[in-house]
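Please consult the sequence and coordinates alongside the numbered points.

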Amino acid sequence: MVREQCQTIERSVVSQGSTFLLPGSPPEFYTDAVRINVSPYGLRLDFGLQADSPNDSRAQAVVRMSPQHAVILYQMLKKTLRAYEDQVGKINMPDRLYTELEIEKEI
């Protein structure tokens, strides 16, 4: 009976947020903003939602990883997105975005 009460309380507390979680489930988030911090020993990715001003943004989830893991993640994302584009079509991005982020457009 105590175990059932604990599970009920856990479900109730978790469902108060924006995402309902079953016990033991990892949280799920939607993100449209990411801040990347790098050190010689690792990366920190702060995922959040776009805010009206930079002072309003706050990380919803933080993911830390080694540089080696980041390289593999980059390669796996590239592979996955290429397969997606092969099935669905090219993902179009505005040229302005590449300029603002100071990244090269891959062809």
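1. Asp46 counts as buried, because its relative accessibility is 11%; the classes used here are buried for under 20% relative accessible area, exposed for over 50%, and partly exposed in between (1.4 Å probe, protein chains only). The side chain of Asp46 meets that of Arg44 in a salt bridge, at 2.7 Å from N to O. A salt bridge here is a side-chain nitrogen of Lys or Arg within 4 Å of a carboxyl oxygen of Asp or Glu. Arg44, with a relative accessible area of 29%, is partly exposed.

2. Residues are numbered from 1 along each chain as its sequence is written, and side-chain values use heavy atoms, with hydrogens and water left out.

3. How many salt bridges are there by this rule? The count comes to three. One of them joins Lys105 and Asp95, whose closest N and O atoms are 2.9 Å apart. Asp95 belongs to helix α3 (95-101) and Lys105 to the segment after it, so the pair ties together parts 10 residues apart in sequence. Helices are DSSP runs (H or I, at least four residues), numbered from the N terminus. Lys105 is partly exposed, its relative accessible area being 47%.

4. Within helix α3, Glu100 and Arg96 are four residues apart, about one turn of the helix. Their side chains meet in a salt bridge of 3.0 Å, N to O. Both Glu100 and Arg96 are exposed.

5. A nonpolar surface patch comprises Leu73, Leu77, Leu81, Tyr84, Val88, Ile91 and Met93, which together have about 600 Å² of accessible area. Such a patch takes residues with over 30% relative accessible area and no salt bridge, with nonpolar side chains (Val, Leu, Ile, Met, Phe, Trp, Tyr) joined within 5 Å; areas come from the Shrake-Rupley method with a 1.4 Å probe. Leu77 lies in helix α2 (residues 67-88) and is partly exposed, at 46% relative accessibility.

6. Confidence is given as pLDDT, the predictor's value for each residue from 0 to 100. The chain has a mean of 82, and 78% of its residues reach 70 or more. Helix α2 has the highest confidence, at 96, and helix α1 (residues 2-14) the lowest, at a mean of 46. Over residues 5-17 pLDDT stays under 50, and the model has eight contacts beyond four places in sequence for them, a contact being heavy atoms within 4.5 Å. Where pLDDT is low, the predicted coordinates should not be read in detail.

Definitions and conventions. Predicted model: local features only at pLDDT ≥ 70, side-chain atom pairs only at ≥ 80, totals over all residues. Patch = residues over 30% accessible without salt bridge, like charges linked within 9 Å, V, L, I, M, F, W, Y side chains within 5 Å. Helix = DSSP H or I, 4+ residues; strand = E, 2+ residues; numbered from the N terminus.
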